[in-house]
Amino acid sequence: MSSYFSHPSVDPVDLEVFRNRCAAIAEEMGAALGRSALSANIKERRDFSCALFDAQGRMVAQAAHIPVHLGAMPRSVEAALAQFTLAAGDVVLLNDPYLGGTHLPDLTTVAPVYAGPTLVGYTATRAHHADVGGMTPGSMPMSREVYQEGLIIPPTLLARGGVPDEAIIRLICRNSRTPDERRGDLAAQLACHRVGAQRLAELAERHGPAWVAQRMDALLAYGERHMRAVIAAVPDGTYAFEDVLDNDGVNPDPLIICVRIDIRGDGAIVDFEGTAPQCRGPLNAPRAVTESAVLYCFRCLGPPDMPLSAGAFAPLDIRIPSGSILAPNPPAAVAGGNVETAQRVVDVVFGALAQALPDRIPAASAGTMNNWTFGGMTADGTSFAYYETLGGGMGARPTLPGLSGVQVHMTNTLNTPVEALERQFPLIVRRYGLRRGSGGMGRTRGGDGLVREVEFRAPVTVSLLTERRVYAPYGLHGGAAGLRGRNVMLRNGEERLLPGKTTIEMYPGDVLRIETPGGGGFGSS
């Protein structure tokens with residue numbers, strides 16, 4: 001990848017102030033998006049991300065949002081700019097997983113920022129919309145090709161000169177079971193671009209576009225320098241690891257993910273040769289998702305305030321076999337690659353790095369986002385659809401236990417409060433708490449998973465896309481594995497164990513219980 005390392009330096013204090021200004025703009029965009037969105041998934045769970053890019057489309061700053069969104073977003077910006085030359089007020093929309101997208105519910109918007117006639121940069125958002133069509137409510141189905149997962153949107157102008165394209169919005173809404181939500185959430189994404197454009201343009205008008213461009217270039221070099229320093233602190237050598245996904249929801253066989261990491265000085269080769277070929281089910285992860293997971297792992301080795309720009313990718317040579325589950329060819333199904341396969345990529349990369357840094361890398365966390373979606377129709381004929389991820393146990397750390405009941409690694413969302421869930425949907429939350437004892441034993445213990453139990457009050461179609469139901473999260477250095485997750489349906493007092501990946505019809509009085517995995521333990525107890 002290209003190097004930004006040789007860029008002339010800017011005064012460090014000046015650069016740090018500028019970096020935090022840019023990050024604050026992205027954070028303010030996110031605040032505007034979350035406050036103005038309509039769906040629970042965006043308003044309550046904060047399943048969205050925002051970032052800033054320079055005039056060449058290179059990411060220079062991001063908010064502390066969703067890791068899998070932010071690492072993959074540059075590919076979508078690249079695709080958008082390859083298709084359009086954007087004028088002030090234009091906004092491009094896309095979700096194509098084969099053009100930098102993650103999965104179809106994640107709608108990405110890209111907009112330019114001008115100071116007078118000069119292009120200063122771009123703002124970008126990615127938000128998970130609760131339903132974009134497809135086989136089942138929530139658009140996270142047990143699909144066998146991407147066409148079954150919902151509406152595929154290539155780079156398309158959502159707004160021109162500040163005026164939204166009503167035809168495009170109607171098209172998207174018509175393909176969703178919850179059209180009012182889609183309209184409201186798209187309006188929120190457009191609104192947050194106006195916030196970002198105003199703030200970045202103010203910065204350029206105060207100091208000049210050339211001043212902003214110089215510091216954006218310096219941020220790219222700064223990000224590269226930090227990542228090279230992080231890699232240089234890892235002992236040189238070759239480190240390999242492998243782990244498996246339970247299955248793809250179609251075939252019962254596990255799917256292997258292999259990695260070999262070669263550390264040489266301040267650069268790393270991350271090679272996934274030997275990974276399973278793309279599968280029939282929805283567990284294929286687009287290449288951008290895999291790259292995002294690798295970047296996240298190396299980012300975790302740095303200090304908490306480490307800058308993350310496009311420059312951080314430069315020291316990483318990521319090699320992914322084409323046609324594998326980590327870089328599938330279309331039209332492979334990808335709904336779960338973003339949420340489940342990305343988590344296993346983190347597990348294998350950390351498993352390899354644990355050999356080089358045994359006193360720094362934690363045991364495996366829950367390794368799944370525990371996705372559940374449901375939808376149906378109320379008595380008055382109103383459609384509803386909902387999507388949520390559930391937390392689990394964090395892997396035990398070398399000197400501290402893992403946290404319990406948290407979102408881990410590639411996700412960073414909140415939960416939907418019980419009050420909001422019960423108010424908006426026909427269900428009652430019967431139980432929500434920690435799954436005591438599910439964390440793996442060891443010198444330090446893995447965190448416990450969660451239990452969520454809901455009783456439906458209307459007929460619904462439920463889809464579950466979950467992992468670590470067959471193969472448990474591993475412990476490290478003698479620590480025990482975390483407890484595997486379980487999905488259970490209770491009907492007429494009888495329990496029925498559900499597969500990790502399934503779609504099922506449920507009726508009033510039926511109860512769904514999801515028990516999420518615990519984290520692995522660390523060290524012999």
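In this predicted model, His 409 occupies the loop that runs between strand E13 and helix H9 (418-424). The backbone of His 409 has a phi near 60 degrees, a positive value in a residue that is not glycine. Most residues other than glycine have a negative phi, and most peptide bonds are trans. With a relative accessible area of 14%, His 409 is buried, because the limit for that class is under 20%.

The relative accessibility of His 477 is 43%, so it counts as partly exposed. A further backbone feature involves a pair of prolines: the peptide bond leading from Pro 330 to Pro 331 is cis, with omega near 10 degrees. Pro 331 belongs to the loop between E11 and H8.

Phe 374 has Val 462 of E16 as its bridge partner.

Another strand pairing has the parallel sense: strand E10 (residues 267-271) and E11 run parallel and are joined by four bridges. Ala 268 stands opposite Leu 316 in E11. In a regular strand the side chains alternate between the two faces of the sheet. Strand E11 (residues 316-319) has Leu 316 and Ile 318 on a covered face, whereas Asp 317 and Arg 319 form an uncovered one.

Strand E14 (residues 427-435) contains Val 429. This valine has a relative accessibility of 13% and therefore counts as buried. When neighbours within four places in sequence are left aside, Val 429 is in contact with Val 418, Leu 421, Glu 422, Glu 453 and Val 454. Val 429 and Gly 500 are separated by 71 residues in sequence and by 21 Å in space, taken from C-alpha to C-alpha.

The account now turns to the helices. Helix H8 (residues 337-356) carries Arg 344. Although arginine counts as charged, Arg 344 is buried, with a relative accessible area of 0%. The side chain of Arg 344 makes a polar contact of 2.8 Å with the side chain of Asp 347. Beyond its neighbours within four places in sequence, Arg 344 is in contact with Asp 243, Val 244, Leu 245, Ile 257, Gly 367, Glu 467 and Arg 468.

Two packed helices are described by the angle between their axes and the distance between the axes. Helix H5 (residues 179-207) packs against helix H6 (residues 209-232) at an angle of about 115 degrees, and their axes are 6 Å apart. H5 and H6 are therefore roughly perpendicular to each other, the range for that description being 65 to 115 degrees. From H5, Leu 200, Leu 203, Ala 204 and His 207 meet Pro 209, Trp 211, Val 212 and Met 216 of H6. Of the residues in the contact of H5 with H6, seven are nonpolar, one is polar and none is charged.

Helix H6 also packs with helix H1 (residues 12-36), here at an angle of about 95 degrees and with the axes 10 Å apart. H1 and H6 are therefore roughly perpendicular to each other. On the H1 side, the contact is made by Asp 14, Leu 15, Glu 16, Phe 18, Arg 19 and Arg 21, and on the H6 side by Trp 211, Val 212, Arg 215, Met 216, Ala 218, Leu 219 and Tyr 222. The residues of the contact of H1 with H6 comprise eight nonpolar, no polar and five charged. Trp 211, Val 212 and Met 216 of H6 are among the residues that meet H5 and also among those that contact H1.

Technical notes. Residues numbered from 1 in each chain as written. Predicted model: local features only at pLDDT ≥ 70, side-chain atom pairs only at ≥ 80, totals over all residues. Heavy atoms only, no water. Axes fitted to C-alpha atoms, helices over the stretch in contact; angles between N-to-C directions. Helix = DSSP H or I, 4+ residues; strand = E, 2+ residues; numbered from the N terminus. Parallel < 35°, antiparallel > 145°, perpendicular 65-115°, else oblique. Contact = heavy atoms within 4.5 Å. Buried < 20%, exposed > 50% of the residue type's maximum accessible area, 1.4 Å probe, protein only. Polar contact = N/O pair within 3.5 Å; in protein donor to acceptor, adjacent residues only side chain to side chain. Pairing = 2+ DSSP bridges.
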